[in-house]
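Here is a short report on one model.

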Amino acid sequence: MSNSELATSYAALILADDDVEVTPDKLQTLIKAANIDDVESIWTTLFAKALEGKNIKDMLLNVGSGGGAAAAPTGGAGGGATETAPEEVKEEKKEEEKEESDEDMGFGLFD
């Protein structure tokens with residue numbers, strides 16, 4: 001990561017910590033106050049647009065939360081389907097493990 005990216009990242013974190021909206025002008029002001037002269041305005045614009053409308057504190061608190069998980073089905077008429085879903089997932093995992101074994105390829109590590 002370059003010095004320009006680091007300076008802009010730290011400036012964005014400072015603004016978020018003070019609950020101030022992240023804008024290119026405010027990022028530039030903080031960077032100039034820190035006597036960092038080699039930051040191009042494109043970095044502040046990119047960071048401000050990327051963080052627009054996002055809560056930086058929440059993003060930092062939920063770094064390891066695994067946001068890619070599928071949502072759990074809700075109750076209602078489909079209640080019976082939720083009981084069989086874990087079994088189907090287990091069966092799929094077993095099938096995947098069998099597909100990945102070396103025995104299916106016809107050769108082993110020490111052949």
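## Terms and source

A nonpolar core is a set of buried Ala, Val, Leu, Ile, Met, Phe, Trp, Tyr and Cys residues joined through side-chain atoms within 4.5 Å. Buried means under 20% relative accessible area with a 1.4 Å probe, protein chains only.

The model is predicted: local features need pLDDT of at least 70, side-chain atom pairs count only at pLDDT 80 or more, and totals for chains, interfaces and linings use all residues. Residues are numbered from 1 along each chain as its sequence is written, and side-chain values use heavy atoms, with hydrogens and water left out.

## Core

The largest nonpolar core has 13 residues; Ala 12, Val 22, Leu 27, Ile 31, Leu 51 and Ile 56 touch the most other members. H1, H2 and H3 each supply at least two of the core residues. H1 gives the most, with five. Helices here are DSSP runs (H or I, at least four residues), numbered from the N terminus.

Beyond its neighbours within four places in sequence, Val 22 is in contact with Ala 12, Leu 15, Leu 27, Ala 48, Leu 51 and Ile 56. Contact means heavy atoms within 4.5 Å.

## Helix H1

H1 spans residues 3-17. Its buried residues include Ala 7, Ala 11, Ala 12 and Leu 15. Their cover includes H2 (24-33), H3 (41-51) and H4 (56-61). Asp 19 follows H1, with a positive phi near 55 degrees.

Notes. Expected span 1.5 Å × (residues − 1). Buried < 20%, exposed > 50% of the residue type's maximum accessible area, 1.4 Å probe, protein only.
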